[in-house]
Amino acid sequence: MHKIGVFVCWCGSNIAATVDVKAVAEAASKEPCVVYATDYQYMCSESGQNLIIDAIKEHNLTGVVICSCSPRMHETTFRKAAQKAGLNPYMVEIANIREQCSWIHKDMAEATAKAIVLARAAIAKVQLNKPLIAGESEVTKRCLVIGGGIAGIQTALDVAEAGFPVDIVEKKPTIGGKMAQLDKTFPTLDCAACILTPRMVEAGAHENITLHTYSEVEEVSGFVGNFTVKIRKKARKVKMDLCTGCGLCTEKCPMKKQPNEFNMGLDKRGAIYIPFAQAVPKVPVIDVEACLKFKTGKCGICSKVCTAGAIDYEQQDEIIEQKYGAIVLATGFDQIKPTKFGELGYSQYPDVVTSLEYERLMNAAGPTKGHLLRPSDGKPPKEIVFVQCVGSRGQSCRDKSYCSKVCCMYTAKHAILTKDHYPDTNIHVFYIDERTPGKNFDEFYRRAVEQYGVDYIKGQVGKVYEENGKLMVQGSDLLANEQITLAADMVVLAAAIEPDKTARSLGTMLTASMDTNDFFTEAHAKLRPVESPTAGVFLSGMCQGPKDIPETVSQAGAAAVKVIGLLTKDKLLGNPCVAHSDEMLCNGCSQCARVCPYGAITYVDKEFRVPGPKRVETRRVAVVNEAVCQGCGACTVTCPSTAMDLKGFSNRQIMSEVDAICK
Amino acid sequence: MVYSYYPGCTLKTKAKDLDMYARKSAEALGITLEEIPEWQCCGGVYPQAQDEIATKLSSVRTLNSAKEAGNDLVTVCSACHHVLKRVNDDMANNEYIRTRANNYMELEEPYAGETKVLHYLELLRDVVGFDELKKKVVNPLKGKKIAAYYGCLLLRPSGVMGLDDPEDPSIMEDFIKALGATPVVYPFRNECCGGYVTLQDQSLAQKKSNKVLGSAEAQGAEMVITACPLCMYNLKNNGTEHDLPVVYFTEILAEALGVK
Amino acid sequence: MQVNESSKEFKPCIVAFCCNWCSYAGADLAGSNRLSYPADVKIIRVPCSCRVNPLFILRAFQRGADGVILCGCHPGDCHYTTGNYYARRRMTMLFSMLDYLGIEKERTRVEWVSAAEGAKFAATMNDFISTVQSLGENRKLRDLRCKE
Amino acid sequence: MSSVNNEREEILRMSGVDPTKCMKCGKCSGTCPAFDAMEYHPHQFVSMVNKGNIEPLKQSNAIWQCLSCFACMERCPRDVKPAKLIEAVRLTVIREQGMNHLESENVPCMLDPELPQQAIVSAFRKYSK
């Protein structure tokens, strides 16, 4: 016979304002096996936990039900408290009467009645709980970082410094990411390359870091502490170990008509190319789609000029397999191509550019060698109009619903830098709200206005069209309540940022959950911001949401700390809520093994005592590898003889909850 | 290929050319246009208010006739097309309007937006195909620089009209190319000519029409085509500062097909 | 009018099975955002939608539930990779059987709600409840012996 | 006060517009081809209706000048549909007795022999009950 204690939390007024907690405790006390029921202001507080511990000891409780917030919040807290009192932690059940009751209902009688039903279901379930002991698994002391931008580099460096081996997988031929494309950074105006490239070199040279550039993750299996990952190393057609990075091949390549991705297609590169001068590794790659040798079989100039003999046209993709204890997602972002915003003329007029394109036009290593020249005719623009919030903060099908966060500040930066180099340029910025929360951010924006005389117009642009060789920018000036038309030489669109396209497929591979915008979701928005809900998967940088460089770097460091914390452990406690087969019922049909996504079920031949003259018979029965099973329960439903059941969520437990609710 | 055809009031009076050339060209392309019997005027503008039911009924009747005939419904006039497509969308997706309109109509089977409404241009693009059309051209309009004027009603709101990209359309330009002429793209091709406001404030209509024609002229257009009799009127009569010829798109189609 | 009012009075008993990773978290998010839906819904947490045995649903009906809804991760987003596909197939089978038995299949439903879709969770529940309300009490499957 | 509120609610119901969705970016007014001919501009319709300040809009000439070209609707990033709001204000005016903006007896003097029937039909729809 169980002795069950029920503890009803007020959560201050969060629960108590809508649910009559005394009535819930009172009702619970009348349920079968309940020997103790009480309520308290904050069950999760130290004194609340002590109350539970004392009650377990005093009343010799064999099961505990806490009526409180979501189990996703404090289940672990209360299990630990039970354990302190000498009770098996899995003899604790939570009735969620906050998120799923008090917060969504207004009527006290109704909410209280529902809370009582939820408590009753938990009481019914806990009576069928069994003490569970979690198994242990080894931790592979190696970390995988997916994405080699500033976020990935920073996480990798921090983890590597702590002494753990790290692999960076980057799909582009070099690490560096988007930050390598930036000119200066706000609000300090230090040069992006000057602060990034030393980090890239450090990552490339670190004894604990292995770079897999021009590579992609193909397949992930396993679980926290024990992931197995297949990585496709795409054929560069250049031998990394022989190449000296002299760049002669890239100069001699005759196919110099390929749009240069690094410069946002504003100039051309060869079919064999190094993305930019500071690339790490500084080894070229052949774009086989463009290469004459691959298209026609002729040419081969790069091979002829390479004194190191590094060119290898026969090189094939290579698949490597590696085990990891932790995986960090640092897949970064892209800027949308605002082609759907036809009224802003991005597709029609070459001098309407995105801010990332403008960044390249300002950059000394960019297509114009740092001279601001407009793409159409190479002339310096005298009137420039910046348009904010293009594709951000919208609700129509072409918009992103979120604020891209960095655009206000980089636009102020573009304005200041332009005015600094070309004081006779006139700059107008159409803005909706100027968002500058950050250290020295608003001061920076005010400098643009007060010191540099940038014309900020509150309003949005309705149409951009060409007339007499000028880009006519028609928009509203809301403070003047006027519609204005400015004649510009260039228009720069602060197009929305979006998660990198590869994030979605990686999310699926890793079962890391994503929000509706394809940003990875964190385990808890406030308290676990760098962890994915999937154990062992961590988040770094823009893949989790829009953020600037300092935020990215801090988050990258935080993710590294979490990884280090995991890799320092030798063993991990597993989830004891795993499947279990009753070998007396199992008929060895193999159905369960077929649906198991982890291959956790194997079959053994086992001898059983049977009545009759034979006395023993050998039968084939299922055995669950508890270290591999993740506890989804697919096998339990498939099993035709109900031999398979799930610990912690057994058939009887769930049925008892159903019965309690439907009473 | 048989289609129900809704000409609309203006095509029977001031815009007979638009209608006549549409029919002749359709015949030349092997398309049968069956005029809806006893059709009524669509009202010219789409009544936007949720509680405007009676004003939508004439369109519902037309749509239901096409449904009963088992045909897709083709229109030529941009305004009729706009009204019919949007009312059809209401009947399919707006339960409030659907219920009330059907209460008035007392049909045997309630109408719920089953008819597919096509603009004549869509017929050319999606059914005939511009490549096929090109093959049927006997008098290619070589060397002619033609500017397509879309106006507002053909394209917006794009969610319902679904004719083309509302900001950077290409259907009429592709049509012009198929006839052998050179399309002229100009920024004001999807901006309003002034519409019905000409009755209330002619100066506004003049301003808008001149802007459109000026924009087309600046890009080197020698001729403007339109699908709307009201646009035609505004561009011709209110576009006072410019002397560009404006014709219906069906007229150059008939010319190219040699049935003018 | 009389009918309408009495159907409003009718408080159905609704069981919602929610997978721990997406839908249960989505329900929590609906709570955090204070998006209300009627108290008639009681949620049972399961690790994955594939843990839900069709028998649980029949049991709920037998014990007097008026509607049962199963919520899981969106196809392709299952925490266990493929669990929701199994759930979908099993429920398709169950629903066609219910249909065959003459039980209104509107009393059961499968919905995909992610951890980020608090609003969708609340909207789904509101919609499901009004559907069940319009169907009225479940009498056909209720085991009279279970009625107190 | 309550009659003002009723009018606001009525306009919102007729138009199906939720003005609280507006983020005050001004794109509607930046795009409006009739901007200079209207004393109240599309974004003002949204904010004034939301505040219940409807009388000035009803008295304005702007409600007759809107071209119903739907540019504001198409380009609004928040899907607010200012054009529907303007039409609803116009309808509240002409639905009152004796408030038709265009009477049939005034039409003949406006007629231009070239004017298509469509223009007259449309004008009646827009300006009269």
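Let me start inside chain B, where the centres of domain 1 and domain 2, taken over C-alpha atoms, are separated by 23 Å. Domain 1 of chain B covers 2-120 and domain 2 covers 130-257, with bounds that come from an automatic or database domain assignment. Please keep in mind that this is a predicted model, in which local features need pLDDT of at least 70 and side-chain atom pairs count only at pLDDT 80 or more, while totals for chains, interfaces and linings use all residues. Residues are numbered from 1 along each chain as its sequence is written, and chains are lettered from A, and ligands numbered from 1, in the order in which they are written.

Across the domain boundary, 20 residues of domain 1 of chain B are in contact with 17 residues of domain 2 of chain B, where contact means that C-beta atoms, placed from the backbone, lie within 7 Å. On the domain 1 side, α1 (16-28) and α3 (78-93) of chain B each supply at least two residues, and the largest share, seven residues, comes from α1(B). Helices here are DSSP runs of H or I with at least four residues, numbered from the N terminus.

Turning to whole chains, four pairs are in contact, and chains A and C share the most contacts. There, 42 residues of chain A are in contact with 44 residues of chain C, and on the chain A side the largest share, eight residues, comes from α18(A).

By contrast, chains B and C do not touch, their nearest C-alpha atoms being 16 Å apart, and no contact joins chains C and D, whose closest C-alpha atoms lie 17 Å apart.

Methods
Contact = placed C-beta atoms within 7 Å.
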